Amino acid sequence: MILLIIFLEILFNPDSSSIPFTYSQFQSCSALKAFSSKSIKKVLGLGKEHNSGLEFLKKKSYEILELSDQNDDYKKALHTIDALILKMTNVDNEFLNLASKLKVIARHGVGYNNVDLKSLNKKKIPLFITG
(Lines give C-alpha, C1' and ligand atoms only; values in the text may rest on other atoms or scores of the structure.)
Protein backbone atom coordinates (compact mmCIF):
# COMPACT_ATOMS: atom_id res chain seq x y z
CA MET A 1 0.00 0.00 0.00
CA ILE A 2 2.83 2.41 0.79
CA LEU A 3 4.33 2.00 -2.70
CA LEU A 4 0.92 2.63 -4.22
CA ILE A 5 0.53 5.85 -2.23
CA ILE A 6 4.04 7.01 -3.17
CA PHE A 7 3.20 6.31 -6.81
CA LEU A 8 -0.08 8.21 -6.60
CA GLU A 9 1.56 11.17 -4.89
CA ILE A 10 4.26 11.35 -7.54
CA LEU A 11 1.72 10.97 -10.31
CA PHE A 12 -0.81 13.45 -8.95
CA ASN A 13 1.58 15.96 -7.40
CA PRO A 14 4.96 15.85 -9.16
CA ASP A 15 6.30 18.87 -7.26
CA SER A 16 5.72 17.27 -3.87
CA SER A 17 8.55 17.74 -1.40
CA SER A 18 7.26 14.88 0.77
CA ILE A 19 8.43 12.21 -1.68
CA PRO A 20 12.12 11.20 -1.80
CA PHE A 21 12.22 11.25 -5.62
CA THR A 22 12.41 14.11 -8.08
CA TYR A 23 9.93 14.52 -10.87
CA SER A 24 12.77 14.60 -13.39
CA GLN A 25 13.40 10.92 -12.60
CA PHE A 26 9.94 10.14 -13.97
CA GLN A 27 9.78 12.50 -16.98
CA SER A 28 10.82 9.77 -19.40
CA CYS A 29 7.48 8.06 -18.76
CA SER A 30 5.06 9.65 -21.25
CA ALA A 31 2.03 8.73 -19.12
CA LEU A 32 3.29 10.90 -16.28
CA LYS A 33 3.60 13.95 -18.52
CA ALA A 34 -0.15 14.00 -19.07
CA PHE A 35 -1.01 14.49 -15.41
CA SER A 36 -0.78 17.26 -12.88
CA SER A 37 -2.36 17.92 -9.53
CA LYS A 38 -4.87 20.10 -11.40
CA SER A 39 -6.04 17.31 -13.71
CA ILE A 40 -6.60 14.69 -10.99
CA LYS A 41 -9.18 15.68 -8.39
CA LYS A 42 -11.35 12.69 -7.53
CA VAL A 43 -9.99 9.23 -6.75
CA LEU A 44 -12.13 6.13 -6.33
CA GLY A 45 -10.84 3.35 -4.13
CA LEU A 46 -12.66 0.10 -4.90
CA GLY A 47 -12.15 -2.50 -2.23
CA LYS A 48 -10.59 -2.06 1.17
CA GLU A 49 -7.39 -0.03 1.25
CA HIS A 50 -5.29 0.86 4.27
CA ASN A 51 -6.62 3.99 5.98
CA SER A 52 -3.20 5.63 6.31
CA GLY A 53 -2.74 5.68 2.54
CA LEU A 54 -6.15 7.16 1.89
CA GLU A 55 -5.66 9.74 4.65
CA PHE A 56 -2.33 10.70 3.07
CA LEU A 57 -4.08 11.45 -0.23
CA LYS A 58 -6.88 13.34 1.54
CA LYS A 59 -4.29 15.55 3.24
CA LYS A 60 -2.95 16.34 -0.21
CA SER A 61 -6.43 17.65 -1.15
CA TYR A 62 -7.61 14.76 -3.28
CA GLU A 63 -11.26 13.85 -2.96
CA ILE A 64 -11.35 10.16 -2.11
CA LEU A 65 -14.40 8.00 -2.66
CA GLU A 66 -14.23 4.72 -0.77
CA LEU A 67 -16.78 2.32 -2.22
CA SER A 68 -17.37 -1.40 -2.11
CA ASP A 69 -17.39 -3.48 -5.26
CA GLN A 70 -19.66 -6.08 -3.65
CA ASN A 71 -22.65 -4.70 -5.57
CA ASP A 72 -23.12 -2.38 -8.54
CA ASP A 73 -23.73 0.80 -6.52
CA TYR A 74 -20.20 2.05 -7.23
CA LYS A 75 -21.09 2.31 -10.94
CA LYS A 76 -23.19 5.41 -10.17
CA ALA A 77 -20.01 7.30 -9.24
CA LEU A 78 -17.81 6.19 -12.14
CA HIS A 79 -18.65 9.17 -14.36
CA THR A 80 -17.18 11.54 -11.75
CA ILE A 81 -13.76 10.00 -11.10
CA ASP A 82 -10.34 10.96 -12.49
CA ALA A 83 -8.34 8.10 -10.99
CA LEU A 84 -9.00 4.59 -9.74
CA ILE A 85 -7.27 2.56 -7.05
CA LEU A 86 -8.12 -0.98 -8.03
CA LYS A 87 -7.77 -4.33 -6.34
CA MET A 88 -9.92 -7.19 -7.69
CA THR A 89 -12.82 -5.43 -9.43
CA ASN A 90 -13.17 -6.28 -13.11
CA VAL A 91 -12.52 -3.31 -15.37
CA ASP A 92 -14.06 -4.05 -18.74
CA ASN A 93 -15.28 -1.92 -21.64
CA GLU A 94 -18.60 -1.21 -19.89
CA PHE A 95 -16.76 0.00 -16.77
CA LEU A 96 -14.50 2.25 -18.86
CA ASN A 97 -17.43 3.71 -20.79
CA LEU A 98 -19.09 4.63 -17.49
CA ALA A 99 -15.84 6.15 -16.21
CA SER A 100 -15.66 8.74 -18.97
CA LYS A 101 -13.28 11.09 -17.08
CA LEU A 102 -10.88 8.34 -15.96
CA LYS A 103 -7.24 9.27 -16.55
CA VAL A 104 -5.29 6.57 -14.72
CA ILE A 105 -5.67 3.26 -12.89
CA ALA A 106 -3.41 2.21 -10.05
CA ARG A 107 -3.72 -1.56 -9.56
CA HIS A 108 -2.80 -2.75 -6.09
CA GLY A 109 -1.94 -6.44 -6.27
CA VAL A 110 -0.36 -9.01 -8.53
CA GLY A 111 -1.22 -9.21 -12.21
CA TYR A 112 -3.78 -7.47 -14.34
CA ASN A 113 -6.10 -10.22 -15.53
CA ASN A 114 -9.08 -8.27 -14.14
CA VAL A 115 -8.44 -5.40 -16.56
CA ASP A 116 -9.46 -5.33 -20.22
CA LEU A 117 -6.16 -4.10 -21.66
CA LYS A 118 -7.49 -3.77 -25.20
CA SER A 119 -10.23 -1.35 -24.09
CA LEU A 120 -7.81 0.45 -21.77
CA ASN A 121 -5.32 0.96 -24.59
CA LYS A 122 -8.04 2.21 -26.96
CA LYS A 123 -8.93 4.88 -24.43
CA LYS A 124 -5.22 5.61 -23.74
CA ILE A 125 -5.64 5.14 -19.99
CA PRO A 126 -2.41 4.07 -18.29
CA LEU A 127 -2.43 1.16 -15.85
CA PHE A 128 0.16 1.11 -13.08
CA ILE A 129 0.67 -1.96 -10.94
CA THR A 130 2.04 -2.07 -7.42
CA GLY A 131 2.22 -5.42 -5.66
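The largest nonpolar core of the structure comprises 18 residues, and those with the most contacts inside it are Leu84, Val91, Phe95, Leu102 and Ile105; a nonpolar core is here a set of buried Ala, Val, Leu, Ile, Met, Phe, Trp, Tyr and Cys residues joined through side-chain atoms within 4.5 Å. At least two residues of this core are supplied by each of strand 1 (42-46), strand 3 (83-86) and helix 4 (93-98), where helices (H or I, at least four residues) and strands (E, at least two) are DSSP runs numbered from the N terminus. A second, separate core of 10 residues includes Leu57, Tyr62, Ala83 and Phe128. The term buried denotes a relative accessible area under 20%, exposed one over 50%, and partly exposed a value in between (1.4 Å probe, protein chains only).

The model is predicted, and local features therefore require a pLDDT of at least 70 and side-chain atom pairs count only at pLDDT 80 or more, whereas totals for chains, interfaces and linings use all residues. Residues are numbered from 1 along each chain as its sequence is written, and side-chain values use heavy atoms, with hydrogens and water left out.

The chain contains five helices and five strands, which follow the pattern α-α-β-α-β-β-α-β-α-β when read along the sequence. Of its 131 residues, 44% count as buried. Among contacts between residues at least 6 apart in sequence, 45% join residues at least 24 apart, contact meaning heavy atoms within 4.5 Å.

With neighbours within four places in sequence left aside, Val91 is in contact with Leu84, Leu86, Leu96, Ile105, Asn114, Val115 and Asp116. In helix 3 (residues 51-59), Gly53, Leu54 and Leu57 are buried. Viewed down the axis of helix 3, the buried residues fall within an arc of 95°, so they line one face of the helix; the arc is that of the directions from the helix axis to the C-beta atoms. Leu57 is also one of the residues of the second core.

Helix 3 is followed by Ser61, a residue other than glycine with a positive phi near 75°, located in the loop between helix 3 and strand 2 (63-67). Ser61 is exposed, with a relative accessible area of 64%. Lys124, likewise a residue other than glycine, has a positive phi near 55° and lies in the loop between helix 5 (117-122) and strand 5, where its relative accessibility of 71% counts as exposed.

On the surface, Tyr112, Leu117 and Ile129 form a nonpolar patch with about 260 Å² of accessible area together; patches are made of residues with over 30% relative accessible area and no salt bridge, like charges being joined within 9 Å and nonpolar side chains (Val, Leu, Ile, Met, Phe, Trp, Tyr) within 5 Å. Ile129 is situated in strand 5 (residues 127-130) and is partly exposed, at a relative accessible area of 40%. Not counting residues up to four places away in sequence, Ile129 touches Arg107, Gly109, Gly111 and Tyr112, while its C-alpha atom is separated by 7.5 Å from that of Val110, 19 residues apart along the chain.

The structure holds seven salt bridges, each defined as a side-chain nitrogen of Lys or Arg within 4 Å of a carboxyl oxygen of Asp or Glu. Side chains of opposite charge can pair when their charged atoms come close. Glu94 is partly exposed at 44% relative accessibility, and Lys75 counts as partly exposed at 24%. Lys75 also forms a salt bridge with Asp72, with the closest N and O atoms 3.9 Å apart. A further bridge joins Asp73 and Lys76, whose closest N and O atoms are 4.0 Å apart; Asp73 is partly exposed, with a relative accessible area of 48%, whereas Lys76 is exposed at 63%. Finally, Glu55, Lys58 and Glu66 are linked in a network of salt bridges.

Methods:
Areas by Shrake-Rupley, 256 points an atom, 1.4 Å probe, with all protein chains shown as cover.
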